Amino acid sequence: MKIGIKVRVSAIIFDRGRILVTKHDAKDYGVYYLLPGGGVEHAESPEEALKREVKEECGLDVNIIQLVYYKTGYSNNDDYLDLIFLCKIVGGKMGISKGEDKVKEIKFVDKKELLNIFHKNLFAD
């Protein structure tokens, strides 16, 4: 019997009309892109988790402006809650932190590149 729910937090971070994405390359899934973020750890609030994850993945300090989207659901393996927050950069230096092994690249992309990234991921042969 499963107990609990997996909570994942993500950040929408804009800079000059572009949005920050993280590139991943997993053995089982290949190359894919995500908003910066990750799982909420035991005894951690979603806001604390988001600030920690953005710092670990991107080297940036952020302030959370507001929750903009949430999604609940389940799969064969997990029940989940995804929380997406609009954030503002307030410090740090952009770069993948040492010890972060999941993120291969971080970059700001414009709308055209963002649509291209997700088009390739959604409609790959």
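S10 is situated in strand β1, which spans residues 6–15; helices (H or I, at least four residues) and strands (E, at least two) are DSSP runs numbered from the N terminus. The model is a predicted one, in which local features need pLDDT of at least 70 and side-chain atom pairs count only at pLDDT 80 or more, whereas totals for chains, interfaces and linings use all residues. Residues are numbered from 1 along each chain as its sequence is written, and side-chain values use heavy atoms, with hydrogens and water left out.

S10 counts as buried because its relative accessibility is 8%, where buried means under 20% relative accessible area, exposed over 50%, and partly exposed in between (1.4 Å probe, protein chains only). Leaving aside residues up to four places away in sequence, S10 touches L35, P36, G37, L50, L83, I84 and F85, a contact being heavy atoms within 4.5 Å.

Two residues other than glycine with positive phi were also examined. R16, in the loop between β1 and β2, has a phi near 50 degrees. With 72% relative accessibility, R16 counts as exposed. A43 lies in the loop between β4 and α1, and its phi is positive, about 65 degrees, although A43 is not a glycine. A43 is likewise exposed, with a relative accessible area of 72%.
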